[in-house]
Structure formats: C-alpha cells, structure tokens
Amino acid sequence: MNKELIINELKKINYPGYSRDIISFGIVHEILIKDSTINISLKLGVEKNIIEEIKNNVISMITSKFPSALVNIKLLESQNNNLNIIPNIKSLDKVKNIIAVASGKGGVGKSTTTVNLATVLSEKFKVGILDLDIYGPSLPTALGCQEQPKMGSNNLLVPIEKYGMKLMSFGFLNNESAPTIWRGPMVSRMTQQFFEQVEWGELDVLFLDLPPGTGDIQLTLVQKVALSGALIITTPQDLALLDVKKASDMFSKLKTPIIGVIENMSNLILEGHIKDENNHLFKGTIEINNNIYNIKDGQFLIDLEIFKGEGGIDESNRLDVPLLSKIPINSDLALYTDKGTPYVKEHKNTYIRECYENIAQEIINKFL
Ligand code: ADP
C-alpha cells in the first residue's frame with residue numbers, strides 16, 4: 001500500500017455526473033498513510049449529496065482494494081469553485097465529453113485538425129463542434145456553411161447540422177467585421193451563452209475550437225465548463241512552442257487533463273516516380289539539402305523536414321503526455337479546408353487520414 005496505488009484507485013472514481021475522475025478535478029488534496037490508516041483530505045465546495053456520494057465512493061473503493069485499511073476522510077472547504085464544475089448547464093446535460101482544441105497562436109492548423117478529427121469520429125459517434133474563435137471564426141469556411149442558426153421553441157439556438165455534425169460558430173451569428181471590436185467581458189458573456197443557450201442535445205463529444213492564446217475565452221471556459229481534456233496543436237518551430245507552453249500551462253493549472261500534443265505541418269512528403277527521356281523508370285538518387293534519397297524502380301518517397309524544431313515532441317515530453325501525431329504539410333489538406341469539405345471525407349486511404357484516425361482512436365480509448 002503506497003500513495004501511488006491509492007491515487008490509481010481514486011482515479012477510477014468519476015465526479016458524479018461527469019466522465020472525469022476526482023483526481024483530475026483536483027478534489028483530492030492530500031493523502032497521508034500511517035501504518036494501516038489512510039487519511040484523505042478532499043476539497044469540496046458543492047452540494048451535500050455530492051459530497052456524501054464522493055466520500056462513500058472513496059471509502060468503498062479503497063477498502064475493497066486494501067481490506068485491512070482504515071480510511072479517514074477529511075473535508076476541506078474549497079474557497080473558490082475552481083474545480084471546472086458548473087453543475088447546471090442544462091443544454092450540456094447530454095453532452096458526454098467536452099474536448100478543447102487549443103494552440104498558442106493562430107494559423108497552426110487548429111481548425112483544420114478539429115474539423116478532420118471531428119469528421120472521423122462522427123462516422124461512429126455523435127459529434128459537435130463549437131468554434132469559439134471570436135476574432136477569426138474558421139468553421140463556416142472549413143465546413144462550407146454560412147447559414148444562420150434558428151431559434152428553437154425553447155429559446156435555445158439550434159445548431160447547424162452538416163456532415164452529420166452539430167455546429168455552432170460566432171461566424172454564423174455576426175457579419176465579418178463586428179467581432180473584432182468586442183471587449184473581454186462581452187466575449188466572456190457570449191461564450192457562456194454558447195454553452196447555455198444552444199440546443200446541443202445528445203452528443204458523445206463536443207469539440208471546442210478555442211481562439212489562440214490564453215485570453216478571456218479560455219479563462220471563462222475552463223472555469224465554467226467541465227472539460228474532459230484538451231488537445232494542444234503546435235507546429236515544429238520553437239517560436240510557436242513558446243506560445244503553446246503558455247496555453248498548455250493554463251490547462252495544467254486549472255487541472256484540465258491534456259490528452260496529448262499534435263504537431264501539425266511537421267514535414268513534407270513528396271511521392272512519385274521518375275522516368276528518363278526514353279520513358280524508362282529511373283534508378284538512382286536525389287540529393288536535397290545534403291540528404292540523399294534513393295530512387296528504386298523509378299519510385300521515390302522524399303520526407304522533407306521543413307522546420308528545424310522538434311516542437312511536438314519537446315512539448316509532449318515537457319507535459320509528460322503523448323505526441324499523438326505528426327501531420328505533414330499537404331496541399332490537398334489546405335485545398336479541402338479552404339473549399340469547405342473535410343479532407344477526410346474524400347480521402348479514405350491516405351497517410352493524412354491515418355494521422356486523424358490515430359488521434360481519434362486515442363480519444364475513443366480514453367473517453368468513448
Ligand atoms: P488555425 O485554426 O490554427 O488558425 P487553420 O486550421 O485555419 O489554423 O489553418 C491555417 C491555414 O493552414 C489554412 O489555410 C489551412 O488550410 C492550412 N493548413 C492547416 N494545416 C495544414 C497542413 N497540415 N497542410 C497544409 N495546409 C494546412
């Protein structure tokens with residue numbers, strides 16, 4: 001019996017009504033072991049029945065694993081309700097998991113990743129995307145929808161449905177120039193409304209496409225909503241990484257588990273064949289930037305590292321989370337995002353699709 005084993009047991013207990021465990025919510029404040037007595041302090045600031053339920057679950061989980069142990073629970077009052085919990089956001093009642101997709105800065109492919117990952121998952125699960133990038137909402141472009149959402153009978157906005165997913169974006173509600181002048185408090189209010197006043201219905205996963213950085217929206221969000229986890233998108237360059245560190249540190253501080261890091265635009269893969277002037281397949285080598293690539297039977301596959309950095313692996317090591325994928329730069333991917341069709345919809349057997357499938361599998365294993 002040691003602290004680590006006890007933590008592992010406590011990780012099996014979910015916060016009542018949520019798919020997240022009490023360790024990741026930061027409820028377990030301290031564990032002290034003395035001989036066969038285990039003293040556990042829990043930090044709770046919520047309703048009485050939930051306190052009782054958690055307490056009973058902790059005691060029964062620990063005593064079933066360590067029958068000879070005596071378990072004492074001490075309740076500490078939580079000063080702030082910083083446990084990412086808002087018990088009563090009605091419109092999210094049937095949303096089983098909320099996953100934030102974040103990046104340190106813009107243009108790293110956060111929306112492209114969200115859209116393609118969500119599309120892969122939507123083949124088997126009920127998926128929604130909420131685009132909270134108020135200053136540059138990309139969902140309307142990436143999924144080719146410009147419709148205005150309608151108000152439902154219960155005064156809730158009905159999300160737009162496209163490619164079998166439920167979608168909501170600031171871009172659906174405002175004309176292009178309006179949002180840039182919005183200030184913090186208004187942004188926070190709008191964000192909250194997007195959770196509370198949208199008829200999300202039943203969803204297995206709701207992806208939140210966050211604006212880059214660590215601004216008002218992110219803060220409102222992680223304090224008000226029970227996030228199941230966050231995905232961090234970066235590019236390999238160090239510069240992007242500095243920003244991404246700030247973003248991921250914010251999730252760590254607020255006890256939102258980081259599912260993993262995705263490195264986008266990692267490399268450029270060129271594949272093809274070469275023939276000589278007599279139309280014969282060529283055999284030989286190609287040299288690019290001092291690297292030699294072999295051509296076998298006329299076929300070549302050149303994997304070019306465009307950027308020097310190792311952003312994804314560095315950040316995943318620092319956070320001690322997996323590097324979920326290294327997605328290459330691909331002109332088709334850019335083309336499809338910009339023309340409003342998810343790339344994965346029309347590419348069934350490509351390496352890029354495989355990258356998104358691998359990330360999706362990680363999410364399925366963890367949450368679905
Ligand atoms: P963000 O949401 O981080 O601002 P976007 O997803 O909008 O970034 O991507 C920015 C631009 O880069 C878009 O034009 C998109 O098509 C392109 N893009 C994103 N990822 C890739 C990639 N792996 N290969 C090629 N183009 C990409």
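Two strands count as paired if DSSP finds at least two bridges between them. In this predicted model, that criterion gives an open sheet of three strands, arranged in the order β1-β2-β3 with mixed pairing. The edges of the sheet are β1 (28-34) and β3 (70-77), each of which pairs on one side only. From one strand to the next, the twist averages 15°.

Strand β2, covering residues 37-44, pairs with β3 in the parallel sense, and eight bridges link the two. Lys43, for example, has Leu76 in β3 as its bridge partner.

The sheet belongs to a protein with twelve helices and 14 strands. The protein has 368 residues, of which 36% count as buried. Of the contacts in the protein with a separation of 6 or more, 76% are between residues 24 or more positions apart.

The ligand is surrounded by 18 residues, and the closest are Gly109, Lys110, Ser111, Thr112 and Ala334. Which elements give two or more residues to this shell? They are the helices α3 (110-122) and α10 (331-339) and the strands β10 (258-273) and β14 (323-329). The largest contribution to the shell comes from α10, which gives four residues. By residue class, the shell around the ligand consists of ten polar, six nonpolar and two charged residues.

Technical notes:
Residues are numbered from 1 along each chain as its sequence is written. This is a predicted model: local features need pLDDT of at least 70, side-chain atom pairs count only at pLDDT 80 or more; totals for chains, interfaces and linings use all residues. A residue is buried if 20 or more other C-beta atoms lie within 10 Å of its own, exposed if 12 or fewer, and partly exposed in between; C-beta atoms are placed from the backbone. Two residues are in contact if their C-beta atoms, placed from the backbone, lie within 7 Å. A residue is near a molecule or strand if its C-beta atom, placed from the backbone, lies within 6 Å of it. Ala, Val, Leu, Ile, Met, Phe, Trp, Tyr, Cys and Pro count as nonpolar, Asp, Glu, Lys and Arg as charged, and the others, Gly among them, as polar. Axes are lines fitted to C-alpha atoms, for helices over the stretch in contact, and angles run from 0 to 180 degrees between N-to-C directions.
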